[in-house]
Amino acid sequence: MFSNKVVVITGASAGIGAALARECSRQGAIVVLAARRRERLDALCAELTAQGGRAVALSTDVADEKQAARLVEEAVQRFGRIDVLVNNAGYGIFGRAEDISPEEFRRIFAVNLFGVHYACRAAIPVMRRQGSGHIINVSSVSGGVPLPFNSAYCGTKFALNAYSDALGMELRGDNIRVSVVAPGPVATEFLDAAVQKLRLRPGLQRHLLMQSPEKIARVIVGCIRRPRRRVYPSLLFWLYVRLYELFPWLMEPLLRRGVRRAMFRD
Ligand SMILES: NC(=O)c1ccc[n+]([C@@H]2O[C@H](COP(=O)([O-])OP(=O)(O)OC[C@H]3O[C@@H](n4cnc5c(N)ncnc54)[C@H](OP(=O)(O)O)[C@@H]3O)[C@@H](O)[C@H]2O)c1
């Protein structure tokens, strides 16, 4: 089923994106790797090719509309089609809302939300011409449960979920599926890459019920095989989102106290 499927993955130079590229390549897909760090993409591309896979590395800043469009264009030029677009590139900001500058706020939306739209905008006509396609947007449980000191990131992921659901309805008649994969904490460089306005507790990773990026990659591959609107890789975090939706008045005081104590140094 994966044989020669063309899968474009943004944020493929690290973490979930790199693990997904390996998993897709193992299953026989042609993978198009996109991110800003060229050396990392080249190394991953060489690794996949050495194992008999087909891959290409295209350095791309998804926040730049022209670069996002060029990514799609080059993928089509090289391989003739795009079966799956995985919008995975993203990062977080931890800090008080008033400490986040307008520029930082604009930038995180530019990457986590606008970047998705730029890539979708370029890929949708291609998928429509093909008569099929699948867009997978990597969101977060923070797109379903807002966290204090995480307002900008949560804003991007809540918006991404709404964007994806609207797009999914819009494109269903064109045989283009839209999925959101919403992981809980994952053991990647995410926390190191996050802009940290408040100092996170050392060893925080150990306390966050982390899943591996390989596990998330397998879940995404499962979603490619059987497209679904919303996928939570962790049952526990699915429950967490449901509880918040049903009982925000109960959850919010707990989140307020818990997050401050568990995540940040005083
Ligand atoms: N780790 C978690 O706990 C967690 C939980 C829930 C959701 N997520 C989501 O999962 C996705 C992947 O995160 P991760 O955990 O794999 O983090 P990661 O290890 O830090 O990887 C992030 C990836 O995004 C890329 N990226 C960042 N800005 C970019 C830009 N402007 N243009 C193109 N690529 C860009 C990075 O590549 P370059 O720096 O080379 O550009 C890197 O490949 C994100 O959307 C994140 O919000 C993560």
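What follows is a chat about a predicted model and the ligand in it.

Colleague: What kind of model is this, and which residues count?

Modeller: The model is predicted, so local features need pLDDT of at least 70, side-chain atom pairs count only at pLDDT 80 or more, and totals for chains, interfaces and linings use all residues. Residues are numbered from 1 along each chain as its sequence is written, and side-chain values use heavy atoms, with hydrogens and water left out.

Colleague: Which residues come nearest to the ligand?

Modeller: Ser13, Arg36, Arg37, Tyr153 and Thr188, out of 30 residues around the ligand. A residue is near a molecule if one of its heavy atoms lies within 4 Å of it.

Colleague: What is the make-up of that shell?

Modeller: The shell holds 14 nonpolar, ten polar and six charged residues. Here Ala, Val, Leu, Ile, Met, Phe, Trp, Tyr, Cys and Pro are nonpolar, Asp, Glu, Lys and Arg are charged, and the others, Gly among them, are polar.

Colleague: Which helices supply at least two residues each?

Modeller: Helix H1 (15-26), helix H4 (102-130), helix H5 (151-171) and helix H6 (190-193). Helices (H or I, at least four residues) and strands (E, at least two) are DSSP runs, numbered from the N terminus.

Colleague: New topic. How many residues are in the largest nonpolar core?

Modeller: That core has 40 residues, and Val32 and Ile135 have the most contacts inside it. H4 gives the most to this core, with 13 residues. A nonpolar core is a set of buried Ala, Val, Leu, Ile, Met, Phe, Trp, Tyr and Cys residues joined through side-chain atoms within 4.5 Å. Buried means under 20% relative accessible area, exposed over 50%, and partly exposed in between (1.4 Å probe, protein chains only).

Colleague: What is Ile135 in contact with?

Modeller: Leaving aside neighbours within four places in sequence, the contacts of Ile135 include Leu85, Cys120, Leu167 and Val178. Contact means heavy atoms within 4.5 Å.

Colleague: Back to Arg36. Is that residue buried or exposed?

Modeller: Arg36 counts as exposed because its relative accessibility is 60%. Arg36 is in the loop between S2 and helix H2 (38-50). Beyond neighbours within four places in sequence, Arg36 is in contact with Ser59, Thr60, Asp61 and Arg107.

Colleague: And Asp61, buried or exposed?

Modeller: Asp61 counts as buried, because its relative accessibility is 17%. Asp61 is found in the loop between S3 and H3. A polar atom of the Asp61 side chain lies 2.9 Å from the backbone nitrogen of Ala63.

Colleague: What about H9, which residues are buried there?

Modeller: In helix H9 (residues 248-263), Met251, Leu255, Val259 and Met263 are buried. The buried residues of H9 pack against strand S5 (93-94) and helix H8 (235-246).

Colleague: Last one. What is phi of Asn4?

Modeller: Phi of Asn4 is near 65°, a positive value in a residue other than glycine. Asn4 lies in the segment before S1. Most residues other than glycine have a negative phi. Phi of Asn175, in the loop between H5 and S7, is near 60°.

Note on methods:
A polar contact is a pair of N or O atoms within 3.5 Å; within protein, one must be able to donate a hydrogen and the other to accept it, and residues adjacent in sequence count only if both atoms are side-chain atoms.
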